[in-house]
Amino acid sequence: MTARWLKLGAALALAGAAVYWMTLPEKSDPAGLAGIKPDAERGRQVFLQGGCASCHSAPDATRETRFVLAGGRRFESPFGSFVAPNISPHPDAGIGQWQALDLVNAMQHGTSPAGTHYYPVFPYTSYQNATPDDIVSLFAYLQTLPADPTPSQPHEVSFPFNIRQGLGLWKLAFQRPGWVLANPPSPQAERGRYLVEALGHCAECHTPRNFLGALDRSRWLAGAPNPVGTGRIPNITPARMNWSELDLMTYFKQGFTPDFDTVGGSMAEVVENLSELPDDDLRAIIAYLRAIPAIE
Amino acid sequence: MIRKLTAAAVGLALASSAVFAASHGGGPFDAAIKARQAHMQLYAHNLGILGGMAKGAMDYNADLATVAATNLATLATLNQMTYWPEGSDSFDNENTAALPKIWDNFPDVAKKGQALAEATAAMQAAAGNGLDALRAAIGPVGEACGACHKAYRKPKE
């Protein structure tokens, strides 16, 4: 009898240890970055493509001041309030003491330098597909931006979502490696896939989520309730996106809709970034949007 | 009894007309809200001509471009004070997207209006000088429109 209980106890402990081990934050091998040369100019492109400023600039930032990554924007979600941290190069308030590898771990694995899980409000389920070259260059660019002393604010998340180890389970369940559009029809669409699925993280707003906040990939870019506000984010699959290439280029570059209204809501800040990208990138995004499945 | 019924009927009629007014306009600021939306429509119409040329959806025509740009520049310098009365915001009126903070940050609103006036003046000077000049001038106009909308317009639902 006692032996049976002991066996059960041992099995439970083993299972617990296995779960603990499986939910440990993952890190990349530093050797993977050997030989990569950081290029801050390329890093600026990655910064714009990734839309870092749209979350990490101060709440009242303008087009001009958005390169000061002081943090402080609040994102209200069903799980609590998240506050974007300071990621300026300030040594104490920001990420001034990080190495390039720390940014790789953050973006590809959602793991902090201290080895804890980040909440997926930081879109590492998209950024996981960013190349190490791009991340290393982005890191070099971030170091050129102004340091800001504003301290990061803690997230306001309630039980059980405040247990960070639990995010390991979330990642096990929902962090799918690989691409959604498995076979892009052209090199241009493949480039667009990288910009939309990885860096641009468009799906984070344009795709609906399940009750645990994970993206529903079966409704990829088919529109969703605004994840951090009221209203809906539109369906941009071919089922609904009927703007011409000219319309889309005008929207991305100048922020004008086909009827010459201007881009609104959080998309306004996306366009601030897109408008500074080369036309080839914007055409690649359009090629990708034409290639994804039409979903009503 | 009859008097009571009449009072109830009048009360009901008043209440339902208030509901009707709320859902179909009829508020005290409707005329002002309509006027400024018409102003925005005039921007959009003239921008549509310049933007249509810029994106290649219509042929470049220097005279037409100059007319549209002159209209824009003129619109941007009109004094709009009469159509932004205090209280005509999106908090109290459902037929407008104008956020209440417009009235709290007036110096900034004026600054953004000035930026639009400058961008449209530059467009007025450029529009007749060829398609490349027009294209170069349209970006700042879009930025100026967007800067104000981003800060002061309620996002669409």
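Predicted model: local features only at pLDDT ≥ 70, side-chain atom pairs only at ≥ 80, totals over all residues.
View 1. The contact involves 21 residues of chain B and 21 residues of chain A.

**View 2. Salt bridges and polar contacts between chain B and chain A.** Four salt bridges are found across the interface, and one pairing is that of B:K150 with A:E272, whose closest N and O atoms are 2.9 Å apart. Five residue pairs, both members at pLDDT 80 or more, are also found in polar contact across the interface of the two chains. On the side of chain B that touches chain A, the elements giving two or more residues are α2 (30–54) and α5 (131–152) of chain B, and the largest share, nine residues, comes from α5(B). Sorted by class, this side of chain B has seven nonpolar, eight polar and six charged residues.

**View 3. Helix α4 of chain A and its surroundings.** Because 10 of the 10 residues of helix α4 (residues 100–109) of chain A are buried, this helix is largely enclosed by the rest of the structure. The buried residues include A:L101, A:L103, A:V104 and A:M107, and among them are also A:D102, A:N105, A:Q108 and A:H109. The buried residues of α4(A) pack against α5 (124–127), α6 (132–142) and α7 (166–174) of chain A. After α4(A) comes A:G110, which has a positive phi, near 65°.

Notes:
Residues numbered from 1 in each chain as written. Chains lettered and ligands numbered in written order. Heavy atoms only, no water. Contact = heavy atoms within 4.5 Å. Salt bridge = Lys/Arg side-chain N within 4 Å of Asp/Glu carboxyl O. Polar contact = N/O pair within 3.5 Å; in protein donor to acceptor, adjacent residues only side chain to side chain. Helix = DSSP H or I, 4+ residues; strand = E, 2+ residues; numbered from the N terminus. Nonpolar A, V, L, I, M, F, W, Y, C, P; charged D, E, K, R; others polar. Buried < 20%, exposed > 50% of the residue type's maximum accessible area, 1.4 Å probe, protein only.
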